[in-house]
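Load the model in a viewer and keep the selection panel open. The stops below go from the whole chain to single residues.

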Amino acid sequence: MGNHTTVHTFLLWGFSSFPHLQSLLFVVIFFSHVTILAANAAIMVAIRLSPNLHTPMYFLLFGLSFSETCTTLVIIPRMLVDLLSDSKTISLPECATQMLFFFGLSSNNCFILAAMSYDRYSAIHNPLRYPILMTHKICFQLMVASCITGFLISLCIITIVFNLSFCDSYIIQHFFCDISPVVHLACDYAFHHEMTIFVLSAFVLVGSLVLIMISYVFIASIVVKMPSTKGRYKAFSTCSSHLIVVSIHYGFACFVYLRSKGSDAFREDMLMAVTYTVLTPLLNPIVYSLRNQEMRIALKKVLDNCSRFIFQMANK
């Protein structure tokens with residue numbers, strides 16, 4: 001941390017501008033969070049317990065669900081506490097830790113989505129060699145590389161941000177320690193800091209998105225050459241869930257992190273942040289379960305087993 005920092009505690013202003021809505025927001029966000037945890041846990045359990053889901057695509061989906069669950073746990077519990085608390089302060093080390101894990105896990109999500117697009121390309125381009133190209137070992141290596149890269153980039157950003165001097169306002173116009181609201185409180189935040197953070201953010205968002213687009217360009221070129229309509233439909237259906245999740249994820253993230261910021265932009269960013277910290281993790285399990293018959297069957301078995309277990313426990 002920087003030696004010139006005089007502010008040691010921040011105030012997360014968040015939803016303080018809407019005092020009459022905080023109880024309602026607490027209820028909505030609380031039940032959304034419980035649903036996110038339950039839905040992602042159900043997906044992970046279904047993949048773990050269903051032998052027919054022990055494939056590279058579902059292995060990567062397991063990793064994405066776990067990473068998104070961790071991402072929400074970094075933000076939402078603190079948000080819920082602040083909604084009910086008069087004191088919304090957060091210490092500088094806590095703020096840095098929250099930013100490190102949020103951006104690291106979010107970056108990890110981006111790289112896992114890129115790995116999933118490569119997986120779909122491998123399956124469609126060369127189905128006979130697919131088991132060799134995408135082994136469990138390779139999937140595990142891709143997920144480890146995604147995690148390490150994501151957290152290294154996050155650590156670089158944290159080092160830049162928290163070596164700045166915070167000597168004026170201590171009020172963060174957000175409900176968590178996001179990058180832009182924090183750096184705009186610094187006295188010595190300069191253009192070279194802004195460009196470095198922008199390049200690192202762009203590497204994560206644009207870099208992974210380019211990899212996804214390249215995979216889908218090749219997929220599209222293969223699909224259009226397929227002689228049968230049924231084959232084209234089957235190939236597209238295996239990618240549709242991933243495409244929907246990618247569109248939602250990158251649409252909101254690029255809007256927030258890849259545009260120039262003014263002081264008026266923070267309220268817009270805060271409203272968008274509710275979407276990508278609450279709504280997106282809620283939609284992703286729904287998209288993958290509703291549009292995937294194998295997953296629906298596996299989830300139904302998990303729910304049936306849970307219901308049977310609860311019924312047996314209740315009758316004891």
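Begin with the surface of the protein chain: its accessible area comes to about 16,000 Å², and carbon and sulfur atoms account for 70% of that. The model is a predicted one. Colour the charged side chains next; there are 19 positive and 14 negative charges, and their mean positions lie 22 Å apart.

Now switch to the C-alpha trace. Along the principal axes the trace spans about 65 × 55 × 30 Å. Colour by burial, and 48% of the 316 residues come up as buried.

**Secondary structure**

The protein chain has ten helices and three strands. Read from the N terminus, the order of elements is β-α-α-β-α-α-α-β-α-α-α-α-α.

**The sheet**

Select residues 9-12, 89-91 and 171-172, which are S1, S2 and S3. These three strands form an open sheet in the order S2-S1-S3, and the pairing is mixed. S2 and S3 are the edge strands; each has a single partner strand, so one side of each has no neighbour in the sheet. In general, the strands of a sheet pair through backbone hydrogen bonds, in either a parallel or an antiparallel way.

Look at the two pairings in turn. S1 and S2 run antiparallel and are joined by three bridges. S1 and S3 run parallel, with two bridges between them. Which residues face Leu-11 on the two sides? In S2, Leu-11 stands opposite Thr-89; in S3, its bridge partner is Ile-171.

**Asp-82**

Select residues 56-84 for helix H2, and then Asp-82 within that helix. Is Asp-82 buried or exposed? Its relative accessible area is 7%, so Asp-82 is buried. Show what surrounds this side chain: beyond neighbours within four places in sequence, Asp-82 is in contact with Leu-12, Gln-22, Ser-87 and Lys-88. Of these, Leu-12 falls within the range of strand S1, residues 9-12.

**Pro-281**

Move to helix H9, residues 265-290, and pick Pro-281 there. Pro-281 has 5% relative accessibility and therefore counts as buried. Which residues does Pro-281 touch? Leaving out residues up to four places away in sequence, they are Ile-36, Asn-40, Glu-68, Thr-72, Thr-275 and Tyr-276.

**Ser-180**

Go to helix H6, residues 179-183, where Ser-180 sits. Its relative accessibility is 16%; residues under 20% are classed as buried, so Ser-180 counts as buried. Draw a distance from Ser-180 to Ile-197, 17 residues away along the chain, and the C-alpha separation reads 9.5 Å.

**Lys-301**

The last stop is helix H10, residues 293-314, which holds Lys-301. Is Lys-301 buried or exposed? With 54% relative accessibility, Lys-301 counts as exposed. Finish with a distance from Lys-301 to Ala-46: these residues are 255 apart along the chain, while their C-alpha atoms are separated by 8.0 Å.

Definitions and conventions
Residues are numbered from 1 along each chain as its sequence is written. This is a predicted model: local features need pLDDT of at least 70, side-chain atom pairs count only at pLDDT 80 or more; totals for chains, interfaces and linings use all residues. Side-chain values use heavy atoms; hydrogens and water are left out. Helices (H or I, at least four residues) and strands (E, at least two) are DSSP runs, numbered from the N terminus. Buried means under 20% relative accessible area, exposed over 50%, partly exposed in between (1.4 Å probe, protein chains only). Accessible areas come from the Shrake-Rupley method with a 1.4 Å probe; for residues, only the protein chains shown count as cover. Lys and Arg count as positive and Asp and Glu as negative; His and the chain ends are not counted. The place of a charge is taken as NZ of Lys, CZ of Arg, CG of Asp or CD of Glu. Two strands pair if DSSP finds at least two bridges between them. Contact means heavy atoms within 4.5 Å.
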